[in-house]
Every structure is written in C-alpha cells, then in structure tokens.
Amino acid sequence: MTAHMDRIAVRAGQPLSGTIRVAGATKNSGLKLMAAALLAPGKSVLRNVPPVADLDVMIEVMRAIGAPTEWTGPDELTIDASGELTPEAPYELVSKMRASINVLGPLLARCGEARVAMPGGDNIGSRKLDMHFRGLEQMGVEIEVRHGFIEARHNALGGARVVLEFPSVGATENLLTAAVLAKGRTVIENAAREPEITDLSDTLTRMGADITGAGTSTIEIEGVRDLVAVESEIMGDRIEAGTFLMACGIAGGDITLEGIRIEHLEMVVLKLEEMGMRVSPTPDGLWARSEGRLRSVDIATLPFPGFATDYMPLVVALLATCEGTAIVTENVFDSRFSFLDELNRMGADIRNEGRHAVIRGRARLSGAPVRALDVRAGAALVLAGLAADGETIVHEPHHVYRGYVDLVGKLRSVGADVRYLPD
Ligand code: EPU
C-alpha cells in the first residue's frame with residue numbers, strides 16, 4: 001500500500017453529479033473465476049478485473065499452486081494452469097483472504113487431493129465451512145482438519161444430491177467447481193442464487209461443463225471428463241454500484257452508473273425508492289436522484305434476491321442520516337455490527353441488540369476520526385462523512401482497498417469532497 005493512501009479524509013459538500021463507470025466484481029466474482037481456471041489445463045484469460053488488494057493475494061495463491069498468473073493488459077489477467085499443480089494453499093495467504101478457500105473444489109476435481117489452510121474467523125463473524133465439507137464428503141471426498149490445514153482427498157469424485165442447510169455462496173461455489181469434473185450427476189438443493197454464482201456457472205459452461213439451473217435454488221451438474229481454458233469478462237460489481245447509490249442518498253444529487261445490470265440491484269433499488277430516491281434503468285446501468293432528506297425504512301438482510309448483507313453497513317450509514325427510525329436486521333452473518341460504534345462516534349444514534357440495530361436518523365452527523373473494520377464498514381464510514389459537519393478521517397482504509405479500486409477518486413469524480421491523506 002502506498003503511503004499517500006494511509007487515511008481517507010471526507011467533508012460534506014455539494015450534491016453529487018455525474019457518471020461513474022462501475023468496476024468489475026473482482027472480489028466477489030473474479031477471485032472465484034480465477035480458482036475455476038485451475039480446472040482447465042491451459043491459459044485462461046479474465047477481463048474486467050480491476051486490481052483490488054485481495055486480487056494480489058489470489059495471484060500469489062495461484063502461483064503457489066503452480067498456475068502462474070500475470071497481468072496481460074489493463075484489468076486483464078492470464079492464468080496458466082497448463083503445468084503440474086501443487087494442490088496446496090499456504091496459511092500465510094489463506095489467513096489474509098478467505099476466498100482462497102475457493103481453490104478447494106477445483107483442486108479436488110483436477111488433482112484428486114488438496115491441502116488448504118483453514119481460514120479463521122474475521123471481523124464479521126465466525127464463518128464456518130461445515131456445509132462445504134458435508135457436500136464434498138457426499139461426493140466421496142475424505143476430509144480431515146489437522147494442524148490448521150484442511151486435508152482432503154478422494155479416489156473417485158462422484159455425483160451426489162446435496163441439500164444445503166443455508167444457501168451459502170462459498171459452499172455452492174466449491175461444490176459446483178468440484179461437481180463439473182465428477183463422475184455422474186450432482187444436484188445442489190437450496191443453492192445460493194447470487195448473480196456471482198451465475199457468472200461462475202456461465203464461465204464453467206463455456207469451459208465445457210454441463211450445468212443447468214444456476215441462479216435458481218436447484219443446480220444440476222452432469223460431470224464431464226475435461227474442461228478447456230476460456231476467455232471471460234466478469235460481471236459489474238453490484239456492491240460497488242450500491243455503494244455509490246447510498247452515497248447519492250446521503251449527499252443528494254443525481255448520478256448515472258455504467259457497467260452494471262439493474263436487475264442485480266433490484267432489492268436495493270426497491271428500498272431506496274421506498275426511502276424517496278428515484279432510480280431508473282439506462283441501457284448500460286442506472287440513473288438515480290436524491291433530493292432532500294430520505295425517509296427511514298426497515299431492512300432485513302437475506303440471501304439473493306433479498307437485500308444483500310454486503311450493503312448493510314452502507315445502508316446503515318444512509319439510515320443514520322434519514323428522517324425517522326429504522327430497524328435493520330442482519331440475518332446472514334453473526335457479528336457484522338461492530339462498526340456501529342464507529343458511526344456513533346460520528347454522532348449517529350444507533351443501538352444494537354443481537355441481530356438488530358435501531359437507527360434514529362439525524363439530519364447531520366459530526367466529523368470524527370474513525371477506524372475501518374472491514375471492507376464495507378470502511379466504505380460506510382466514508383459515506384457517513386458526506387453528511388457530517390467538519391472533517392471525518394477514516395483510519396486503516398486498507399480494509400476498503402480489499403474490495404474497491406479508488407473509491408476516493410470515483411467519489412471525487414462526481415463532486416464529493418474526499419481525499420487520501422498521507423500519514
Ligand atoms: N456458513 C456456514 N457454514 C458453511 C458456509 C457458510 O455456517 O459451510 C454461514 C456463514 O458463517 C455465514 C453464512 O453462512 O453466516 C453465509 O456465508 P456464505 O458462505 O454465503 O458467504 P461467503 O461465501 O463466505 C461471500 C462473499 C461475502 C458475502 C457473502 C454473502 C466473497 C469473497 N465473499 O462470502 O462478501 O457477504 O458471500 O453474500 O464472495 C463482502 O463482499 O463484503 C463480503 C463479505
């Protein structure tokens with residue numbers, strides 16, 4: 001991380017105005033497509049992958065496994081999985097980024113075994129892997145967790161009917177990427193329906209996989225013998241898009257977002273409209289306008305097509321400035337509310353009881369030094385600063401850089417008073 005990006009300073013200013021090109025969903029889709037590239041002996045090309053910080057970690061994971069990964073153009077990566085792979089993901093990398101766990105399915109399918117460091121908990125909850133393990137075991141994989149590593153192997157990967165207890169994104173991805181090369185038919189019931197699953201499935205299908213039902217709760221996969229490397233362009237980042245929508249809700253103004261599909265943001269748009277914002281589709285994205293103070297609404301996070309948990313900290317920042325009182329319920333992660341104390345340092349009036357937060361809106365917040373605790377919570381503090389008197393300084397913004405490329409520059413481009421501060 002360069003020194004001049006050590007903190008982010010924000011001041012309230014004029015309403016936002018202008019157009020933002022939304023980046024590719026590197027963190028929530030690109031990293032998964034990189035892992036999937038391990039399934040095909042050949043050179044896969046991924047486009048529209050902006051270099052968020054987590055990508056550097058995944059590039060190292062790929063290299064450690066023996067799949068050299070290089071930048072071959074702006075936002076374009078080439079992954080060479082032609083050679084013999086070393087099916088091991090080391091602790092130093094997995095501990096930096098949980099999505100490394102996505103190599104488990106592809107490595108089992110391609111190499112018959114995998115040794116992946118067990119990721120720990122993080123700032124948003126304990127994040128278990130039991131559903132990944134149970135599903136893979138049903139497909140014939142033996143799994144042991146020993147000395148901090150997941151050690152998994154099989155003699156033959158076979159199709160199975162797996163019912164997930166909860167539509168976990170990661171478990172659906174690992175099972176899908178294992179099943180494409182398994183012998184026979186796999187059915188994943190209660191599968192995650194997130195657009196990123198469809199993005200992954202579309203790429204796997206172009207690689208030669210036989211998949212039906214991605215994007216619904218039942219995904220059926222007929223295993224094939226081998227897959228080929230392909231070129232893919234990853235989807236626009238719906239969470240980044242949601243971040244700019246909430247920024248517009250807080251600062252007011254009107255913005256156009258390009259490079260995104262509005263149907264990926266359906267529930268966010270419904271909620272923002274209920275709050276008084278106007279949103280309409282454009283050929284390549286959407287247009288949004290916010291005038292005056294928005295009204296509070298209650299929100300409960302749920303798997304897609306529900307209101308995504310990743311928007312939760314961002315919408316809490318918005319609700320902290322709305323007219324009225326809102327109850328926000330977090331149903332996906334067990335401790336995603338630690339950032340509320342940081343917002344309260346900025347004069348927000350938020351109380352947390354278990355899975356619920358009660359937010360009494362305030363017309364103005366008060367600029368303060370605060371700390372980013374995770375990627376979305378960090379972005380939420382930047383947004384809150386847009387409605388705060390004086391200056392807000394967000395410390396430890398490296399969390400933000402894990403999922404956003406130049407959030408500051410993009411907000412500035414629509415008129416926000418945001419800048420990087422040297423130490
Ligand atoms: N869970 C289990 N057992 C499992 C798997 C999951 O109990 O075997 C629980 C988790 O502990 C959690 C819930 O199920 O409470 C949902 O977890 P899920 O597996 O769906 O999440 P994930 O795959 O670990 C991805 C995103 C998250 C996003 C969630 C939910 C990436 C790299 N991460 O995580 O993104 O919040 O899906 O949509 O794709 C973010 O972008 O800020 C972020 C955290």
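**The ligand and its surroundings**

Modeller: Please bear in mind that this is a predicted model. A backbone N or O atom of Gly170 lies 2.8 Å from an oxygen atom of the ligand. Taken alone, the ligand exposes 830 Å², and the protein buries 87% of that.

Colleague: Which residues around the ligand are the closest?

Modeller: The ligand is surrounded by 22 residues, and the closest are Lys32, Asp130, Ser168, Asp310 and Val332. By class, the shell has 9 nonpolar, 5 polar and 8 charged residues.

Colleague: Which helices and domains supply the shell around the ligand?

Modeller: At least two residues come from each of α1 (26–37), α5 (130–138), α6 (169–179) and α12 (375–384). Domain 1 (2–22 + 236–422) and domain 2 (26–233) each provide at least three residues of the shell.

Colleague: Why is the second largest pocket said to lie between domain 1 and domain 2?

Modeller: Residues of both domain 1 (2–22 + 236–422) and domain 2 (26–233) belong to its lining, so the pocket lies between them. Its lining has 23 residues, with Asp199, Met235, Gly236, Arg261 and His264 nearest the centre. Helix α7 (residues 195–206) gives the largest share, 6 residues. The volume of this pocket is about 410 Å³.

Colleague: How many cavities of 30 Å³ or more does the structure hold, and what makes a space a cavity and not a pocket?

Modeller: There are 3 cavities of 30 Å³ or more. In a cavity a 1.4 Å probe fits but cannot get out, whereas a pocket is open. The largest cavity has a volume of about 60 Å³, and helix α9 (residues 266–274) gives the most to its lining, with 3 residues.

Colleague: How many charged residues does the lining of the second largest cavity have?

Modeller: That lining has no charged residues; it has 7 nonpolar and 3 polar ones. Among them are Leu33, Val45 and Ser232.

Terms used. Residues are numbered from 1 along each chain as its sequence is written. This is a predicted model: local features need pLDDT of at least 70, side-chain atom pairs count only at pLDDT 80 or more; totals for chains, interfaces and linings use all residues. Side-chain values use heavy atoms; hydrogens and water are left out. A residue is near a molecule or strand if one of its heavy atoms lies within 4 Å of it. A polar contact is a pair of N or O atoms within 3.5 Å; within protein, one must be able to donate a hydrogen and the other to accept it, and residues adjacent in sequence count only if both atoms are side-chain atoms. Accessible areas come from the Shrake-Rupley method with a 1.4 Å probe; for residues, only the protein chains shown count as cover. Helices (H or I, at least four residues) and strands (E, at least two) are DSSP runs, numbered from the N terminus. Ala, Val, Leu, Ile, Met, Phe, Trp, Tyr, Cys and Pro count as nonpolar, Asp, Glu, Lys and Arg as charged, and the others, Gly among them, as polar. Domain bounds come from an automatic or database domain assignment. On a 1 Å grid over the protein atoms alone, a cavity is a set of points where a 1.4 Å probe fits but cannot get out, and a pocket is an open set with protein on both sides within 12 Å along at least five of seven lines; lining residues have an atom within 4 Å of a point. Grid points are joined across faces, edges and corners, and a volume is the space filled by probe spheres set on the points.
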